[in-house]
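Open the model in a viewer and follow the selections below in order.

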Amino acid sequence: MKEYIGLDVSMKETAVSIRRHGERVWRGKCASDPAVIAQLVRKRAPAVERIVFETGPLSVWFYHALRAEGLPAICIDARHAKSALDMAPNKTDANDADGLAHLAEIGFFREVRVKGFDSMLARTLIAARNRLVRITVDLSNHIRGFMKTFGLLIPAGKGSTFEAHVRRLLFDQPKLSEILLPMLDAWCATRLQAARLARQIAAEARQNEGCRILMSIPGVGAITATSFVTAIESPDNFRKSRSVGAWVGLTTRRYQSGEIDYKGHISRRGDHHLRGLLYEAASVILTRSSAESDLRTWGLKLRERIGFKRAAVALARKLAVTMHAMLRDGTLFERGMKPTA
């Protein structure tokens, strides 16, 4: 007798529902700990066929921990699950677990590829660096805004130039210095830590073969290359390179019904951070890069026809497709290569 389990995971407790032969045989709650859940499953459903839960903050940990326990854990798309769970008249954790168990039993779900811990570690490094950079920008903007109130206008400048201007203007402002110098010290410390993480990202990218291949593209740096490699993990995860553009959310939506058929904006599905990095790399290729290539020529011609923003989006999609093809074939970027369709 096969059992099917649905887990509605939250930070403290997880609702559990077990189904067998089309009927619910048990449901309850336990601590949100994969070891505790594994014990419960072995006790209540020793012949479990599938354990289904949605994507969320704990999904990576739950998936790998339950798999390590030898359990058939499956992570499914939360957007897909929502459409089915909204059919319940009442929204409760128990009902959500029942709905997930029912999806597991009938097999009506879309399984999500869960990234490995190594990939998540690299992505966490990039996310931490980005957060520190945003904090430094916020602090510098606040310092500029506070000093404007007292007629102290900081000249344009970044890094050590900004720090020198602030300290010079605050030299004869003792009371204001007591307020703003601690913020400036925090800005300096945060900036140093962001630079340290950036050096760590660059060092790890140089040691990764896939990142070295991608960084041969003008406009693609260590952060973009690392984000792309850790997002797709293995080129074999995509049968066609052109599928990567849709997976990142850079292809247009389509609505067709009867005589109505039109295309809208890009879907913006998938990894929004990677999508932003690809757009930034495409912008660099169109504006600041001096290295000529068929990719840049294609983008410049497109910009003349449809404008910069739309051309940058199209070039970002083309860039994602080309990067996947390079990883799949293990080849460096060639300036005269034709962009992969």
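This is a predicted model: local features need pLDDT of at least 70, side-chain atom pairs count only at pLDDT 80 or more; totals for chains, interfaces and linings use all residues.

**Stop 1: helix H9.** Select residues 222-232, which form helix H9. Of its 11 residues, 11 are buried, so H9 is largely enclosed by the rest of the structure. The buried residues include Ala 222 at one end of the list and Ile 232 at the other, with Phe 228 and Val 229 among those between.

**Stop 2: H9 against H11.** Keep H9 and helix H11 (residues 272-287), and hide the others. Two packed helices are described by the angle between their axes and the distance between the axes. Here the angle is about 140° and the axes are 10 Å apart. The two helices are therefore oblique to each other, and their crossing is left-handed. Show side chains for Ile 223, Thr 224, Ser 227, Phe 228 and Ala 231 in H9; they meet His 273, Leu 274, Leu 277 and Leu 278 in H11. This contact is made up of six nonpolar residues, three polar and no charged.

**Stop 3: Asp 96.** Move to helix H4 (residues 93-106) and pick Asp 96 within it. Is Asp 96 buried or exposed? Its relative accessibility is 4%, so Asp 96 counts as buried. Beyond its neighbours within four places in sequence, Asp 96 is in contact with Asp 8, Leu 85 and Lys 91.

Technical notes. Residues are numbered from 1 along each chain as its sequence is written. Side-chain values use heavy atoms; hydrogens and water are left out. Helices (H or I, at least four residues) and strands (E, at least two) are DSSP runs, numbered from the N terminus. Buried means under 20% relative accessible area, exposed over 50%, partly exposed in between (1.4 Å probe, protein chains only). Contact means heavy atoms within 4.5 Å. Axes are lines fitted to C-alpha atoms, for helices over the stretch in contact, and angles run from 0 to 180 degrees between N-to-C directions. Angles under 35 degrees count as roughly parallel, over 145 as roughly antiparallel, 65 to 115 as roughly perpendicular and the rest as oblique. A crossing is left-handed if the near helix is turned anticlockwise from the far one by less than a right angle, and right-handed if clockwise. Ala, Val, Leu, Ile, Met, Phe, Trp, Tyr, Cys and Pro count as nonpolar, Asp, Glu, Lys and Arg as charged, and the others, Gly among them, as polar.
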